[in-house]
Amino acid sequence: MNNKTKNSIIVITVLVLIFCVYNFFIYTSKESEHPIELSSEALLGQKLWQKNNCWSCHQIYGLGGYLGPDLTNVYSAPNKGSNYIKAFLNSGVKSMPKFDFSEEEKNALVAFLQQIDSTGYYPNTEADIKPYGWVEIKYKNEK
Amino acid sequence: MKSKASLLFITFALVALLFGILFGLFATVQYIDPDFLKEYVPFSKMRPFHVTSIISWIILCATGSIYFFISKVEKIPFSLPKLPMIHLIVFFLTGIGIYISYITGNMEGREYFAFTPILLAPILIGWVLFGINYFITIRKNIINWPVYYWMWGTGIIFMIYHLCEAHLWLIPSFREHFIKDMSVQWKSYGSFVGSWNMLVYGIGIYIMSKIKKDESVARKKTVFFFYFLGLINLMLGWAHHTYIIPTEPWIRSLSYVVSMTEWIVLVHIIYSWKKSLSLKNKQDNCMAYKFLMAADFWVFLNIILALLVSIPAINFFTHGTHITVAHSMGTTIGINTTILFASVFFIVSKIRNEILTFKNFKISYYLFNVSLLLFLSALFYAGVKRSNWMYFTKDLPFSELQDSLYSTYIVFLIFGVCLVVAISYLATVLLKIVYNTLKA
Ligand code: HEM
């Protein structure tokens, strides 16, 4: 092995070690001071969310497809909430498909959206934008 | 290994590309007419069809190209000569499985991997086979690797890692923690793209060094520096997806710092621009070279956009809008697809033993580049309007925003059609040549 190869291997090894430590912290992080765990009902909702590709038109925290609106805080938005969500699932407005969910499934999706809502804000309109480009976002459980 | 497996990879890649852009077109029509064939080609199916086909194009073409370069251009025999064909068969059957899973609505997966998660297993097997063969072969035959061998090797390993990471949600205790789950999900996507970029950029450097007949392109200290910088960003710099998710602040600040190192890349591009343009080479009219030049231009535009949206204060406004799509399609079409077209043109000129010159492809080449620019501009404009709607209008319903963007979506569709025409022409010509070689 010549020197150049050796150097490359050393650099890569160091980087990979950093990567391992980094991943360890991310995978085991508590994500926030008051982490929210999804209930089993919400987990069923998540399953339906994936199976029916809600994500292909909707976003959560701005991530997903863009044909429909973001749903992070639809549960707590003024004049929206549980019945409003169910109404959309029943009727299929515009490009949104009409779904044939049982009452239990609709409740599960609502529970999923409710628990997402409790994790934070999006859009985070009260965030504080700093001059050096950083954004101090507002967390939901901080007072 | 005969060139059969590598050329079949490229054939399937081109077919996936042709299907992929058609699905994209169908998806776009629903922006304009939400009821258009809503029952048969709903957006919720067309988007995953589009994105999966397009990712397949990138990955299959990159894989086929690497197999071809090693065995046919470098003339290094693979240590395990049967594996490429097995790899191909595994991927082919998995591809069929994915489409069946989509058509029948078994889409329990998540964005980008919407198929039923069992199909992850054969995908991983394919990559492991590729990796084993690659490392054994290259280690045995080459000492002092040029940078592209490092890049391909890195790409393969991190691809395997991040494919697994993207499926950590399958572990129940993991997906219960919604915020962590979501940030790891998008971390993995950022790095997944970083991994295929290692494969594709490596291909770009490879072809450039062959066209210029100058190995130093792939051996200089600076290219190694940029390779390591790219690797750091692959590992730690998936920032702009997740600034807005309420994770712990250190995760977000670290990503900010890491992604800002990419400014070095931008400065370097501007600095070395004149040198690369003033290069006079008798081959500078060949198609492969032309597409590499186009990639240069798109790298420049996209890196500016990527750098800007990686600044949290800007990301705050662009995140969750079509500016993100402009970024992702801008890079996957402008950079990945152009480099891969360069690669296929290079391969075709090798198998036919003649160079395909720019003359015959002028129209489609310009149509491709110009319509891409306008296509992305329309997306960008839609993104600005959406951002304005999110942050500066109060209580305007979503449907009114969509209505106000009607003419923008029409423009998007028109240039989308132009893009489809240009890509279809280029892909069909290449497909014909590759197919005829396979038949002969
Ligand atoms: C080589 C060509 C293409 C590539 C590589 C490509 C790539 C992509 C990628 C990676 C995404 C996902 C974006 C994201 O998640 O942020 C996407 C989405 C999309 N693409 Fe393409 N694309 C191509 C061509 C086209 C064409 C020709 C059209 C339309 C005529 C099109 C229409 C769309 C649409 C409508 C979406 C979904 C945007 C949304 O979520 O609202 N694409 N494409």
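Helices are DSSP runs of at least four residues, numbered from the N terminus. In these terms B:Thr321 is found in the loop between α13 (312-318) and α14 of chain B. The structure described here is a predicted model. B:Thr321 is buried, because its relative accessible area is 0% and the cut-off for a buried residue is under 20%. Apart from its neighbours within four places in sequence, B:Thr321 is in contact with A:Tyr66, B:Gly383, B:Arg386, B:Ser387 and B:Met390. The C-alpha atoms of B:Thr321 and B:Met182 are separated by 18 Å, and the two residues are 139 residues apart along the chain.

Two further residues were examined in helix α14 of chain B. One of them is B:Gly334, which counts as buried because its relative accessibility is 0%. With neighbours within four places in sequence left aside, the contacts of B:Gly334 are B:Ala295, B:Trp298, B:Met329 and B:Leu372. B:Gly334 and B:Pro246 are 88 residues apart in sequence, and the distance between their C-alpha atoms is 32 Å.

B:Ser349 is also found in helix α14 of chain B. This serine is buried, since its relative accessible area is 15%. A polar atom of the side chain of B:Ser349 lies 2.7 Å from the backbone oxygen of B:Phe346. Beyond the neighbours within four places in sequence, B:Ser349 is in contact with B:Glu354, B:Ile355 and B:Leu356.

The ligand lies between chains A and B. It is surrounded by 27 residues, and the closest are B:Tyr31, B:Arg47, B:His50, B:Tyr112 and B:Met329. By type, the residues of this shell divide into 16 nonpolar, 9 polar and 2 charged. A polar side-chain atom of B:Ser328 lies 2.9 Å from an oxygen atom of the ligand. The elements giving two or more residues to the shell are α1 (4-32), α2 (43-73), α14 (322-352) and α17 (406-439) of chain B.

Of these elements, α1(B) provides the largest share of the shell, 7 residues. Its 29 residues should span 42 Å at 1.5 Å a residue, and the end C-alpha atoms are 43 Å apart, which agrees. In α1(B), 21 of the 29 residues are buried, so this helix is largely enclosed by the rest of the structure.

Helix α10 of chain B covers residues 249-260 and has 12 residues. From its first C-alpha to its last it reaches 17 Å, close to the 16 Å expected at 1.5 Å a residue. The buried residues of α10(B) are B:Ile251, B:Arg252, B:Ser255, B:Tyr256, B:Val258, B:Ser259 and B:Met260.

Between the two protein chains, 78 residues of chain B are in contact with 65 residues of chain A. The chains bury about 6400 Å² between them, and 66% of this area is on carbon and sulfur atoms. On the side of chain B, the residues that lose the most area to chain A are B:Glu176, B:Phe178 and B:Pro246, together 10% of what that side buries.

A:Thr5 is found in helix α1 (residues 3-28) of chain A. With a relative accessible area of 12%, A:Thr5 is buried. Leaving aside neighbours within four places in sequence, A:Thr5 is in contact with B:Asn144 and B:Trp150.

A:Lys86 is in helix α3 (residues 82-91) of chain A. This lysine is buried because its relative accessible area is 15%, and the cut-off is under 20%. The C-alpha atoms of A:Lys86 and A:Asn73 are separated by 15 Å, with the two residues 13 residues apart along the chain.

Technical notes: Residues numbered from 1 in each chain as written. Chains lettered and ligands numbered in written order. Predicted model: local features only at pLDDT ≥ 70, side-chain atom pairs only at ≥ 80, totals over all residues. Heavy atoms only, no water. Expected span 1.5 Å × (residues − 1). Buried < 20%, exposed > 50% of the residue type's maximum accessible area, 1.4 Å probe, protein only. Near = heavy atom within 4 Å. Polar contact = N/O pair within 3.5 Å; in protein donor to acceptor, adjacent residues only side chain to side chain. Nonpolar A, V, L, I, M, F, W, Y, C, P; charged D, E, K, R; others polar. Contact = heavy atoms within 4.5 Å. Buried area = accessible area lost by both parts, 1.4 Å probe.
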